[in-house]
Amino acid sequence: MNWPDATLNEIRSREDLAHFLTGLAAKIRDGSLVVENATTDSFVDSAGRWTASMDGFFKNVIKEPVPETPDWAMIAAIFRAALVYE
């Protein structure tokens, strides 16, 4: 799969996902990453809504159906989308 965010294309293992997530957290803490969903409940709600509607993202952006089995990069994409950052 070819994600539009090159960072997601580099995530191939659990360790890569862990590094990605801790990096996101560090950027949020130091203010270099501004997020729309800053509370836990809004973040979880956004992640759930994006996951439920990811068919449209895959159809229009990835140009492939949603994979039956997610990989580490897809999990990272859910976190990324739920934060809603530029």
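**Pockets, salt bridges and aromatic contacts**

The second largest pocket has a volume of about 170 Å³ in this structure, which is a predicted model. Its lining is formed by Leu21, Leu24, Ala25, Ile28, Val35, Asn37, Ala38, Thr39, Thr40, Phe43, Phe79 and Leu83. Helices H2, H3 and H5 are the elements that contribute two or more residues to this lining. Of these elements, H2 supplies the largest share, with four residues. By residue class, the lining of the second largest pocket comprises nine nonpolar and three polar residues, and no charged residue.

For the largest pocket, the computed volume is about 240 Å³. A total of 13 residues line the largest pocket, and Thr7, His19, Phe20, Gly23 and Lys27 are those nearest its centre. The lining of the largest pocket divides into five nonpolar, four polar and four charged residues, whereas the lining of the second largest pocket holds no charged residue.

Three salt bridges are present in the structure. One of them joins Asp5 and Arg80, with the closest N and O atoms 2.6 Å apart. Asp5 is located in the segment before helix H1 (6-9) and Arg80 in helix H5 (residues 72-83), so this pair ties together parts that are 75 residues apart in sequence. With a relative accessible area of 14%, Asp5 falls under the 20% cut-off and is therefore classed as buried. Arg80, in contrast, has a relative accessibility of 27% and counts as partly exposed.

A further salt bridge is formed by Arg49 and Asp45, for which the closest N and O atoms lie 2.8 Å apart. Both residues belong to helix H3 (residues 40-52), where they are four residues apart, about one turn of the helix. Arg49 has a relative accessible area of 56%, a value over the 50% cut-off, and is therefore exposed. Asp45 is partly exposed, at 38% relative accessibility.

The remaining salt bridge connects Glu15 with Arg14, and here the closest N and O atoms are 3.9 Å apart. This separation meets the criterion because the cut-off for a salt bridge is 4 Å. Glu15 and Arg14 are both exposed.

Aromatic contacts were also examined. Five aromatic pairs occur in the structure. Among them is the pair of Phe57 and Phe58, whose ring centres are 5.8 Å apart and whose planes stand at 80 degrees, so the arrangement is edge-to-face. The assignment follows because planes over 60 degrees apart count as edge-to-face. The two partners fall into separate accessibility classes: Phe57 is partly exposed, with a relative accessible area of 22%, while Phe58 is buried, at 0% relative accessibility. Phe57 and Phe58 also belong to one aromatic cluster, together with Trp3 and Trp50.

How values were computed. Residues numbered from 1 in each chain as written. Predicted model: local features only at pLDDT ≥ 70, side-chain atom pairs only at ≥ 80, totals over all residues. Heavy atoms only, no water. Salt bridge = Lys/Arg side-chain N within 4 Å of Asp/Glu carboxyl O. Buried < 20%, exposed > 50% of the residue type's maximum accessible area, 1.4 Å probe, protein only. 1 Å grid on protein atoms, 1.4 Å probe; cavity = no way out; pocket = protein on both sides within 12 Å on 5 of 7 lines; lining within 4 Å. Points joined across faces, edges and corners; volume = space filled by probe spheres on them. Nonpolar A, V, L, I, M, F, W, Y, C, P; charged D, E, K, R; others polar. Phe/Tyr/Trp six-rings, centres within 6.5 Å; stacked < 30°, edge-to-face > 60°.
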